[in-house]
Amino acid sequence: MKKLLLALPIIFLLIVSCEDSFDPYGELENKYIFNCVLRGDTTFQTAYLSKSYMVDNYDPYSNSDDATIKNAQIRIWEEDNVALFRDTTVGRNAESKYKTPFSFYYTDNYQPKPGAKIEIEALLPTGKRLKSTTRVPYSISFRKSESDTNIRLSDDFVQVRWSTYQPNPVFIPRLIIYYTKPVDGQRIRFSAVVPLNYIEFNGQFKPNYAKPNSDLAYGTDMKTFKKAMELISDGIADKSSIVIFSAFMEVYSLDENLSTYYNATARTNDAYSVKLTETDFSNVLAGTGIFGVFVRNYYILRMKHDFINSFGYTPGLSDVQ
Amino acid sequence: MKKIIILFFVLIFTFLEKSHSQDLGTLRGVVTDSTTSEALAFGNVIVLELNRGASTDSRGYFLIPQITANKNLTLRVSYVGYHTKDIPIRLTKGKVTQYNIALAPSTIQMQAIEKIGERVIEKNETDISLQRMAIRQIEALPQGVETDVFRALQYIPGVQSTGDVSARYFVRGGGSNQNLVLIDGITIYNPFHALGLFSVIDPDMINNIEFYKGGFAANFGGRLSSVLKISTNDGNKNKFGAKASSSFLTGKLLLEGPLPHGSFILTGRKSYSTGILKKFLNDQTVPIDFHDFSFKANFANPDFIPGSKFSFNGFFSGDNIKNDDPFVEDFKWNNQVLGFKWFQVGDSPLFYEIGFSMSNFKGEVIPKLSNTRANKNEVTDLGVNMDFTYMFDYKDEIGIGFNVQQIQTNLFIENARGITTDLGKSAANISLYAKYKFLQFDFIGIDFGTRINMTTLSGNKEAETFEPRVNFTLNILPEFKIKGAWGIFQQEMTTVSDENEVINIFEPWIIAPDYLVPSKSTHYILGAELTPWNFLMFSVEGYYKEVNDLPLLNEKKILSSDPDFIAGEGESYGAEFLLRVSTQPVTFSTSYTNAFAYKVVDGLRYYPKYDVRHTLNFLLELNFGAGWSASASWIYNSGLPYTQVVGYYDKYYLDDVFLPPTIFDPRRPYAMLGIQNIGRMPDYHRLDLSVSKKLRLGFINLEIDVSAINVYDRKNIFYFKRETGEIVNMLPFLPTATIKVEL
């Protein structure tokens, strides 16, 4: 009995003093990742192939071995037309954790046709084939009769409307002001994004940009537009050195796969829940990743000279009636 | 169905008219605290000359049939922590004679740790998997910031948590949404404050707790795993009183006092500092503010309706997380509960209770300008219930009840495409139950019955109409009992729970969709209890539980046409051992549980996140006298399951589609997960200590409690942040203190 009484605290102390090791990793699962996001407004398209990797500590950012897959054959079909991708490399920026050049695939000879069904295939050096399909979104038609065409001093609101044949469309709109200003004796072109509105928080104005949505219109009030105009010359004494050209309404239409992927990756959990997984979406067969298309649509909004002059800026285009 | 209703009412009126033996009488009464007139639940009453007795129920009522009439007898009434009282009684033949007994606390300074009376009289009571607790028992445990009912449950064998950060509990392999929480018979849908860290139930409002781990009788319905039945205090009928207390987290106030022919009680609690929460939330500051408030008023006037008692109660809780930053989302959720009850005892040994209730839960995620998805949930549950209990002369009981529930749920959630859908529904559930307690022989007790669902909430045609249940106790020897239970349990409400969340704000409730068969569980329980001496008790219980058609969130839902829920299966089994030694001034208990739980989804069988193979608890309570008491607990759990990382890849993030077509990396490491929950965390263990002192300063009763959680600062792993590699631990060494002032 005495021995038992002596043994119990010793067992307890042994349990208490043990620091267990924790290994969060299982055996590496080999997976191939294929990403190709096509742009509808250019013939230059890129694709990227890589494979999964494991790290030997808890920090996933510690990996510095480039997992890119080279020497694959990538083709894209649109009806009977085929475009081939070539592989190439470019240098990385100095902050990159990878020390080898960035390897990717490109073609400068393919522009997706609105409404077309397209298919992509990557044949890896190992013989494995990754495939995916998607449908190019239709371009949108801006409804000029219901949209502003000019921006005047007396306006209260700027609004642009459009229509589309796309079923279940998802758009990302933004309104941009193009201007130039002198930098080291050179006149450089810049752009300023006009948010939906500015939110004042802790004495600062934070821009609130539009999120992807299915709305067929975009609008902002003149107070916000003027605030964006004013911020262009923030810290510049000679306001007349700033030349304002026009405003552009840019609307990106996303195809169904890309909009789902965007929602799955760009939307976040709330600030306090702790979720141990991340929502994932892939439309790549035999691998993972995204094959999608987005189309850029734009609409020009000219600005009246008296409106530009009211900020002390110089108009860059002829005046509108 | 018409026949069932007719039979139901025929049974009621038949028993109402039941005649009694003319040589005997029935003794009925209520046992209360002499200082407050609060009911003393589960105390013992015995007629000494006949060696026949009964235990009080959760309302303090007792009934002993077949007592010799017209003879002077002695009734002994006892309750731990109170002076035993012998009172002379004399019954009228063929009648029910009522005696109301008030017991005096054993000392003013409560030198003994009060604990609930044990129902030693009813040896054949069918109480397998039932745990009764008094609030004093819960308060004697080491406190994590402050006394918490749900955290106290986690000391009971068969009850699991996924870590000491959360107050959520899991019973015998069932999900936390399979636990029914009732306050005075009314369902509380989201009984948690502060991201699930604490329960909403202020211990000061509680009179007694009955916790059914499984095999519960037919009067409870709507959940698959467990029932937590909380009965609240009535308030002091003798004098006005006030109690204030303060912890590192909240301030509390209680007011109580007499009303004409009744009493009232008001309790309120409000958070005032969230600094302590940083210990729970990985040093994160959460701008949370919460409160709860309860009231109860009761009325019992023999000149109005003899034998009646009316009560009106309410419970309100609210949580707000409000961020000043417009780019960080806000949250709010609250419970609102109102209830009215009419409890009636008549001239015959019939008790009945008629209740009306309303329980409402609202929860909302307000995204403001953040990227968070909007989420809004509301549940409104309106109920009418009638319960009739008739006790025969030969001790058998029959219970019949009728319940109508009208439930409306709204849930607006945004899916992966950003499309908002409404999963709301409105439906009514009408159910009856009938049960018979066969208690006439001391060597055996059997409680059998069924729930009868006349309508279903989900509207699915394959819902169960009958939920039969049976529960027995067999006294092999006076010191040795064998107990068992079997039953079918159905649940039609479910939560939209994400199994991969270790902390969530709240779980929205909905009525299960009609395309899924309502989930059903079957419990098989067998146990034994050995009490060789009064101070020592050893029990063992084995259980097997299978769950069919468990609604689970469809993790693979991408398209709006994909179903929101899919059906899974569940299975759990285990054995629970409990040893309790109670010799004043020491109470020691230890328990060991060996349990297995599985879920099957899409053909994949895996361990749910709360599957713990081995659990060992030691609890020591010491009463030094003169108001001093102390307790120590040591908890050991084998590791919780987790999903291993089986590699990373550089994922393409569309952070900004407006960026020019660059190949430069909008890519970040993304963790690939292996087979769900195949890995195990390191073992969990923790030592907690608590010392408390009660003293009287003039007309003030003062109680000071100092606790230390995780005394040896064990680094118990809570979770592994896969995206950053950070290991987040559970509670560190945490000293806390509470002070209570009572007038």
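1. A residue is called buried if 20 or more other C-beta atoms lie within 10 Å of its own, exposed if 12 or fewer do, and partly exposed in between, with C-beta atoms placed from the backbone. By that criterion Leu516(B) is buried, because 21 other C-beta atoms lie within 10 Å.

2. This is a predicted model, in which local features need pLDDT of at least 70 and side-chain atom pairs count only at pLDDT 80 or more, while totals for chains, interfaces and linings use all residues. Residues are numbered from 1 along each chain as its sequence is written, and chains are lettered from A and ligands numbered from 1 in the order in which they are written.

3. Leu516(B) sits in the loop that runs between strand E33 (509-511) and strand E34 (519-533) of chain B, where strands (E, at least two residues) and helices (H or I, at least four) are DSSP runs numbered from the N terminus. Once neighbours within four places in sequence are set aside, the contacts of Leu516(B) are Asn460(B), Asp549(B), Pro551(B), Phe565(B) and Ala567(B), a contact being two residues whose C-beta atoms, placed from the backbone, lie within 7 Å. Between the C-alpha atoms of Leu516(B) and Arg668(B), which are 152 residues apart along the chain, the separation is 39 Å.

4. Between the chains, 66 residues of chain A are in contact with 59 residues of chain B. Helix H3 (residues 256-266) of chain A supplies eight residues, the largest share of the side of chain A that touches chain B.
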